[in-house]
Amino acid sequence: MLWIKAFHIIFVTSWFAGLFYLPRIFVNHAMETNSEAIQRLSMMEQKLYRFMLPLAVLALALGLWLWIGYGITGKWMHPKLTLVAGLIVYHAYCGKIIRNFKAGANKRSHLWFRWFNELPVLALTAIVILVVVKPF
């Protein structure tokens, strides 16, 4: 089970790297006016998003394996799983944002994307505290 836990942590960390970086690309995309730069940023967004998907799937699959292996214990697990579900929605919403940028339909400012970028940081902080401290 320790190998499963190790790979779960590796894939979660890798997924979060994408969740942290993709919205930063959105910030730059929302500020950019040069068509060549916009095209480059759009390509970066799409490649990163495609790369993040298998990382997310592997992180979630290994997390499920751990959950089944160790059993469903502790009240802390419910808010943790709620936060994970929120991250899945966040990830999917990033895909929608990419499609909006590609269609030229983005209505959000770079400031909005700066705030949007902070959501995974807050989720990660809460999840780590829940998993390590197990406050309830």
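How many helices and strands does the protein have? It has 5 helices and 0 strands, where helices (H or I, at least four residues) and strands (E, at least two) are DSSP runs numbered from the N terminus. This is a predicted model, in which local features need pLDDT of at least 70 and side-chain atom pairs count only at pLDDT 80 or more, while totals for chains, interfaces and linings use all residues. Residues are numbered from 1 along each chain as its sequence is written, and side-chain values use heavy atoms, with hydrogens and water left out.

**View 1. The overall fold.** Following the sequence, you will read the pattern α-α-α-α-α. The C-alpha trace spans about 50 × 25 × 15 Å along its principal axes. Of the 136 residues, 33% are buried (buried means under 20% relative accessible area, exposed over 50%, partly exposed in between; 1.4 Å probe, protein chains only).

**View 2. The largest pocket.** Here the space amounts to about 870 Å³, and the lining counts 30 residues, with His-8, Gly-63, Leu-66, Lys-80 and Val-131 nearest the centre. Two or more lining residues come from each of α1 (2–31), α2 (35–70), α3 (77–103) and α5. By class, the lining has 22 nonpolar, 5 polar and 3 charged residues (Ala, Val, Leu, Ile, Met, Phe, Trp, Tyr, Cys and Pro count as nonpolar, Asp, Glu, Lys and Arg as charged, and the others, Gly among them, as polar). A pocket is an open set of points on a 1 Å grid over the protein atoms alone, where a 1.4 Å probe fits, with protein on both sides within 12 Å along at least five of seven lines; lining residues have an atom within 4 Å of a point. The volume is the space filled by probe spheres set on the points, which are joined across faces, edges and corners.

View 3. Val-132 sits in helix α5 (residues 119–133) and is exposed, at 63% relative accessible area.

**View 4. Lys-134, in the segment after α5.** Phi of Lys-134 is near 50°, a positive value in a residue other than glycine. Most residues other than glycine have a negative phi. Lys-134 is partly exposed, at 43% relative accessibility.

**View 5. Trp-76, in the loop between α2 and α3.** Trp-76 is buried, with 10% relative accessibility.
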